[in-house]
Amino acid sequence: MPDPISSDPKSSDRPSSDRQTPLMELSGISQIFKTKRGDRPAVRDVNLTVNAGEVLCLVGESGCGKTTTARMAAGLTKPTDGTVAYNGQDIWSMDKDQFTEFRTSVQYVHQDPYASLNPIRSVYKTISAPLRKHGLSKGNDDSWKQASELLRRVDLTPPESYLSKFPHQMSGGQRQRVAVARALSLNPKLIIADESTSMLDVSIRVGMLNMLGRLRDELGVGFIFITHDLAIAKYFGWEGRTAVMYLGEVVEYGPTQQVINDPQHPYTRALLNAVPEPDPDLAAQKLPGGGLRSADIPSLAALPSGCTFHPRCPLFEEGLCDVTSPELSLIGSRREVACHVVARESGRAAADASVSVSG
Ligand SMILES: Nc1ncnc2c1ncn2[C@@H]1O[C@H](COP(=O)(O)OP(=O)(O)OP(=O)(O)O)[C@@H](O)[C@H]1O
């Protein structure tokens with residue numbers, strides 16, 4: 001595997017002066033749901049970018065705001081604050097034609113294709129409908145041909161044996177592939193895959209990830225890949241970047257290789273600790289409960305003061321972590337971490353290094 005530190009920085013990691021316009025840029029986006037029992041700040045001040053052909057993994061426990069972030073990126077929900085820009089343009093300031101083009105270029109693949117595939121539509125109808133709607137088909141024969149080709153792309157072969165089927169006549173893995181084929185029908189530049197493999201058995205999951213990886217490599221499609229499992233981020237997004245979310249905020253963000261090989265935020269460490277380890281000796285070295293002080297995730301209705309992770313954090317320092325909310329700060333050249341203690345220790349280490357060099 002490439003050395004994460006010495007490999008060429010991706011364009012997104014270069015200084016802003018020579019940075020290309022990202023394919024997608026989320027700037028300070030927040031989503032506060034209004035409920036009968038008060039406001040629920042599901043996502044707070046999230047800043048992320050994806051360049052053409054890149055993979056960005058969003059990782060975190062259930063309820064941390066991954067899907068809400070993804071829905072805002074896909075233009076399915078408007079942020080209550082902040083902007084979502086596609087090719088440099090704020091999607092919520094686009095005219096109708098521009099917004100339609102954006103919605104065809106950015107496709108959302110739902111975590112449960114049973115919910116997103118229409119049960120009374122055949123596979124052929126499911127895939128050909130967007131082709132027709134967007135004027136990409138020259139008639140029935142052409143639609144059939146294109147739908148067949150798309151099924152081959154997602155390894156549903158021979159396509160003729162799938163085109164007339166309905167969702168209930170297929171397995172979960174096959175339905176997922178149909179959902180991906182439908183997303184591909186509009187030649188997207190970005191696919192937002194929302195835990196699209198989580199409901200599947202391991203072997204089907206791996207097959208699905210391999211197929212998506214091939215599409216990523218062959219078609220140059222970018223991905224926002226949403227998962228609660230860092231092992232999946234490692235498998236699918238090794239060359240890309242990973243953002244770890246906790247209670248609606250990004251707590252660690254950087255090249256996947258760095259985030260996984262050298263996690264800095266105590267929450268990322270706990271998530272990695274939770275990844276099952278097949279080697280019994282290594283498994284025995286794992287900390288019980290990930291080394292956290294508490295397993296309970298606080299409610300969005302009563303967020304802890306200061307750093308929202310502080311009630312669970314093994315690095316907790318009274319008077320600091322429960323008082324002030326940490327900003328994301330650069331640790332090294334390409335990674336950001338929101339932790340007072342990590343930022344302080346890393347600043348100390350950098351100062352020590354500069355003293356020893358000058359001395
Ligand atoms: N429409 C809504 N109204 C109120 N609260 C909501 C709404 N949608 C989501 N939430 C809350 O926002 C928080 C974030 O939800 P979200 O689905 O984005 O998390 P997630 O990380 O994707 O979780 P999962 O992995 O379980 O899908 C959760 O606490 C959820 O209950």
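Author: Of the contacts in the chain with a separation of 6 or more, 61% are between residues 24 or more positions apart, two residues being in contact if their C-beta atoms, placed from the backbone, lie within 7 Å. This is a predicted model, in which local features need pLDDT of at least 70 and side-chain atom pairs count only at pLDDT 80 or more, whereas totals for chains, interfaces and linings use all residues. Residues are numbered from 1 along each chain as its sequence is written.

The chain has 13 helices and twelve strands; both are DSSP runs, numbered from the N terminus, with helices being H or I of at least four residues and strands E of at least two. Buried residues account for 41% of its 359 residues, where buried means that 20 or more other C-beta atoms lie within 10 Å of the residue's own, C-beta atoms being placed from the backbone.

Eight of the strands make an open sheet of mixed pairing, in the order S6-S7-S8-S3-S9-S10-S12-S11, and two strands are said to pair if DSSP finds at least two bridges between them. At the edges stand S6 (106–109) and S11 (329–331), each of which pairs on one side only. On average, and ignoring direction, neighbouring strands of this sheet are turned by 20° against each other, the angle being taken between axes, which are lines fitted to C-alpha atoms, for helices over the stretch in contact, with angles running from 0 to 180 degrees between N-to-C directions.

Another open sheet has four strands in the order S2-S1-S4-S5, with antiparallel pairing. S2 and S5 (89–90) stand at its edges with a single partner strand each, so one side of each is left without a neighbour in the sheet. S5 pairs with S4 (residues 81–86) in the antiparallel sense over two bridges, one of the residue pairs being Tyr-86 with its bridge partner Gln-89 in S5.

Helix H1 lies across S1, S2 and S4 and runs at about 120° to S1. These elements bring us to the ligand: S1 (24–35), S2 (38–50) and H1 (66–73) each supply at least two residues of the shell around it, and H1 gives the largest share, three residues. Of the 14 residues around the ligand, Phe-33, Ala-42, Ser-62, Thr-67 and Thr-68 come nearest, a residue being near a molecule if its C-beta atom, placed from the backbone, lies within 6 Å of it.

Terms used. A residue is buried if 20 or more other C-beta atoms lie within 10 Å of its own, exposed if 12 or fewer, and partly exposed in between; C-beta atoms are placed from the backbone.
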